[in-house]
Amino acid sequence: MSNKAMKLAAFGAVAAVALTGCGNKSSGAPAASATTGAATSAASAAATTGTTPSSSAATSAASAVASATTGTGGGKVGVILPDSLTSKRWENNDRPALEKAFKDAGLTSDIQNAEGVATKWLQICDAMIGEKVKVLLEVDIDVASATKCIADAHTQGIKVIDYDRLSLGGSADYYVSFDNVQVGKLQGEGLVKCLTTKGVKNPAIVEIDGDSKDNNATLFAQGYNSVLDPLYKAGTYKKVGEKTGQWKPNIASAVWSAFYNQASGKIDGAIIANDGMGDGVATTMKAEGVLGKIPFTGQDAQDSGLARVLLGQQCMTVFKDTAVEAALASKLAIALIKGTPTTSLVNTTVKDTVTKKDVPFAAATPETITKTNVGDVIKTGYTTAAKVCAIAGAAACTAAGIK
């Protein structure tokens, strides 16, 4: 069974149980609530209206009244997103999917973005606990903030769901994400296939990993190194460098440039952990005159990554259908608020290597995307042909059968 078929089948089973009881410019994110009473009231209003909290005390008071008199189902969900730079998905895909799911269930939600600032992330957490959300769904930025946030939430009887990233040592109640080791494995297998197709012998490889503070980056590396390490050991592949790009395009670009110069340009392929960092690497490769000549990987099926795949500039990307992930997370949060059983909503467990405990895990399945199946991503509504083709050009889209 294909990865896509397996993903759809697994999601269908989870969705059925739940119903009876995971390129383009991103929008600006609401500011974190301050610790004053007025700002906290404004944050409550934002949860109901979806607007940025206002600093006006009068507006805050009016919004607080509105928040108290709207919404059904007896609960509010707080969602903390990490940033809008490392991946466009958080604002373009996750936010709207989660907002819609909670609204359809008759619940209010407060969804805020920390924009990569740990102090802001923790302020948002504190404000949401003060709002008395019943479930907190969070994507961590750093372990220390997440651990404090989860502990504080638990003291108030708030259930916590680690979303997309497992907060090691945080002791969240549930974890919803993709099989991230499999994501990395698909990247490793994709790079090997691209190099084999090109007929490259004894290729020299560099690896630009995600942020070492992100447990997902560790899992991705575990996955692609499970494919590449045996080849390095056998001497058929050579690793000439590995370093974090911190999920930042400019840092990934600098890391690539350093590796390229140190190797005197003798690099045959690269693991680039996501499409966002791929943006920076691709810009540097273009300046070096090697874009499209050195295969590299990605993930997130970002518009720019999909365009590069169509143009033959990027070997592959990994599609993590955030609609599936968001659906799993929202159904779990809804079940927790409504008091319905959650045991059937998770399909496995994952080991927290710090607490040594098994965390209930709702796992979604990723999919390899190459030039032949870019259309699969567009068909899901994750992005549009117009957005991808605006970057790739009409000719590349036409050649791939994308309209």
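This is a predicted model: local features need pLDDT of at least 70, side-chain atom pairs count only at pLDDT 80 or more; totals for chains, interfaces and linings use all residues.
Axes are lines fitted to C-alpha atoms, for helices over the stretch in contact, and angles run from 0 to 180 degrees between N-to-C directions. Residues are numbered from 1 along each chain as its sequence is written, and side-chain values rest on heavy atoms, with hydrogens and water left out. Helices (H or I, at least four residues) and strands (E, at least two) are DSSP runs numbered from the N terminus.

The axes of helix α11 (residues 303-311) and helix α14 (residues 385-392) come within 8 Å and cross at roughly 55 degrees. That angle makes α11 oblique to α14; angles under 35 degrees count as roughly parallel, over 145 as roughly antiparallel, 65 to 115 as roughly perpendicular and the rest as oblique. The crossing of α11 and α14 is right-handed, the near helix being turned clockwise from the far one (left-handed if anticlockwise, by less than a right angle). In the contact (heavy atoms within 4.5 Å), Asp303, Ser304, Leu306, Ala307, Leu310 and Leu311 of α11 meet Lys387, Val388, Ile391 and Ala392 of α14.

From α9 the contact draws on Pro249, Ala252, Ser253, Trp256, Ser257 and Tyr260, and from α10 on Gly276, Met277, Gly280, Val281, Thr284, Met285 and Glu288.

An open sheet of seven strands has mixed pairing and the order β2-β1-β3-β4-β5-β11-β10; two strands pair if DSSP finds at least two bridges between them. Strands β2 (108-113) and β10 (348-351) form the edges, each pairing on one side only. From one strand to the next the twist averages 25 degrees. Strand β1 (residues 76-81) pairs with β2 in the parallel sense over six bridges, and Ile80 has Gln112 in β2 as its bridge partner. Helix α4 (residues 89-104) packs on the sheet, where it touches β1, β2 and β4 (159-163), and its direction makes about 170 degrees with that of β2.

Four aromatic pairs were found in the whole structure; rings of Phe, Tyr and Trp (its six-membered ring) pair if their centres lie within 6.5 Å, and planes under 30 degrees apart count as stacked, over 60 as edge-to-face and the rest as tilted. Tyr175 and Phe361 are stacked, because their ring centres are 4.5 Å apart and their planes at 25 degrees. Tyr175 lies in strand β5 (residues 174-178) and Phe361 in strand β11 (residues 358-364), so the pair ties together parts that are 186 residues apart in sequence.
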